[in-house]
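Subject: A structure for you to look at

Hi there,

Here is the structure I promised to pass on. Please have a look at it first, and then read my notes below.

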Amino acid sequence: MKNKSAQKVKLTSYDDLFGTNEPVTGEKITSVPISLFHTFKDHPFRVVDDAKMQETVESIKHYGVLVPGIVRPHPDNGYEVVAGHRRWRACELAGLEEMPVIIRELDDDAATVIMVDTNIQREDILPSEKAKAYRMKYEAMKHQGSKGDKFTADAVGEAAGDSGRTVQRYIRLTELVPELLDYVDAGKIPMIVGEKLSYLKKEEQAWLVDAIINSGVFPSKIQAEALKSGSDAGELTEGGVYAILIKKESGKVGVTISARKIGSYFPPTYTKAQIEEVIYSLLDQWKQNEKMEEFADAENSI
């Protein structure tokens with residue numbers, strides 16, 4: 001349950017502010033010098049000095065740290081922060097030397113699950129952060145003896161309300177080269193497209209990055225499927241990537257001709273129906289002539 005004093009702080013989101021809803025009832029809270037803190041290994045979430053960070057700083061200056069962080073003993077010295085990286089940074093910016101924490105003895109897998117769950121519900125998470133976090137939690141739960149791939153994926157997404165299929169899609173994004181993953185973060189490549197592109201070999205993804213830079217075109221879902229099919233068949237080449245990327249998805253061409261321009265070719269007495277009849281007649285004749293020329297070319301080539 002959230003602390004009553006925390007409810008009095010007028011902020012957009014309590015969880016966004018402190019990044020955790022981890023229960024702390026009954027556990028000993030210790031004030032630890034922040035100089036002894038170490039970042040969690042491969043921590044996937046950004047700690048940014050943005051407007052929300054400034055809100056956290058101001059809250060800490062007025063009320064202190066309302067929810068303690070969670071740390072575990074570091075193998076060298078000090079403590080590794082499991083939950084509370086944003087509060088740690090806010091304490092630095094607020095000029096504090098210590099931060100209240102709960103010290104737990106946690107193995108790598110248990111620490112990873114807590115680290116992900118206490119951050120995954122934040123609203124400002126990038127797709128790349130969520131992808132890396134879900135992969136870390138998925139692997140940790142498999143090490144813990146989870147029952148199966150689908151069960152594990154469902155359990156991984158439970159804290160954020162994501163389905164197992166959504167979790168698997170995010171995890172696939174970790175197979176993208178950094179440049180393509182950056183495009184997903186920027187919204188230039190939709191997640192569903194990024195998932196399909198993740199099946200391309202690294203060299204093929206590098207070709208695609210070059211093609212995007214040179215053409216200014218980002219792949220659509222249909223183009224991503226074509227790239228994946230070519231890769232699966234072992235037929236995708238660098239030139240093929242360019243060809244698929246710049247190819248129009250529809251072969252239909254719309255043509256609009258000015259009525260004034262059309263009218264200049266016909267007597268003023270001609271009705272619309274008469275004009276259309278002449279145009280269709282001429283087009284049929286042109287089409288027939290084209291077929292005759294193709295036939296003649298084919299005979300000459302024998």
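Helices (H or I, at least four residues) and strands (E, at least two) are DSSP runs, numbered from the N terminus. With that naming, Asn119 sits in the loop between H5 and H6.

Before going further, a word on where the values come from. This is a predicted model, in which local features need pLDDT of at least 70 and side-chain atom pairs count only at pLDDT 80 or more, while totals for chains, interfaces and linings use all residues. Residues are numbered from 1 along each chain as its sequence is written, and side-chain values use heavy atoms, with hydrogens and water left out.

The chain as a whole

The secondary structure comprises 15 helices and five strands. Of the 302 residues, 38% count as buried (under 20% relative accessible area, with exposed meaning over 50% and partly exposed in between, using a 1.4 Å probe and protein chains only). The chain exposes about 18200 Å², and carbon and sulfur atoms supply 52% of that area (Shrake-Rupley method, 1.4 Å probe; for residues, only the protein chains shown count as cover). Among contacts (heavy atoms within 4.5 Å) with a separation of 6 or more, 72% join residues 24 or more positions apart.

Helix H5, residues 108-117, is mostly covered, with seven of its ten residues buried. Those buried in H5 are Asp109, Ala111, Thr112, Val113, Ile114, Met115 and Val116. Their cover includes strand S3 (69-73), strand S4 (79-83) and helix H6 (127-143).

Asp154 in H7

Asp154 belongs to helix H7, residues 149-157. With a relative accessible area of 33%, Asp154 is partly exposed. Setting aside neighbours within four places in sequence, Asp154 is in contact with Asp162, Ser163 and Gly164. Between Asp154 and Tyr138, 16 residues apart in sequence, the C-alpha to C-alpha distance is 9.7 Å.

Two packed helices are described by the angle between their axes and the distance between the axes. Axes here are lines fitted to C-alpha atoms, for helices over the stretch in contact, and angles run from 0 to 180 degrees between N-to-C directions.

For helix H12 (residues 221-232) and helix H13 (residues 238-246), the axes come within 9 Å and cross at roughly 160 degrees. H12 and H13 are therefore roughly antiparallel (over 145 degrees; under 35 is roughly parallel, 65 to 115 roughly perpendicular and the rest oblique). The contact involves Gln223, Ala226 and Leu227 from H12, and Val241, Ile244 and Leu245 from H13. By class, five of these residues are nonpolar, one is polar and none is charged (Ala, Val, Leu, Ile, Met, Phe, Trp, Tyr, Cys and Pro are nonpolar, Asp, Glu, Lys and Arg charged, and the others, Gly among them, polar).

The axes of helix H11 (residues 202-215) and H13 also come within 9 Å, crossing at roughly 45 degrees. That makes H11 oblique to H13. On the H11 side, the contact is made by Trp207, Leu208, Asp210, Ala211, Ile212, Asn214 and Ser215, and on the H13 side by Glu238, Val241, Tyr242, Leu245 and Ile246. This contact of H11 with H13 has eight nonpolar, two polar and two charged residues.

Best wishes
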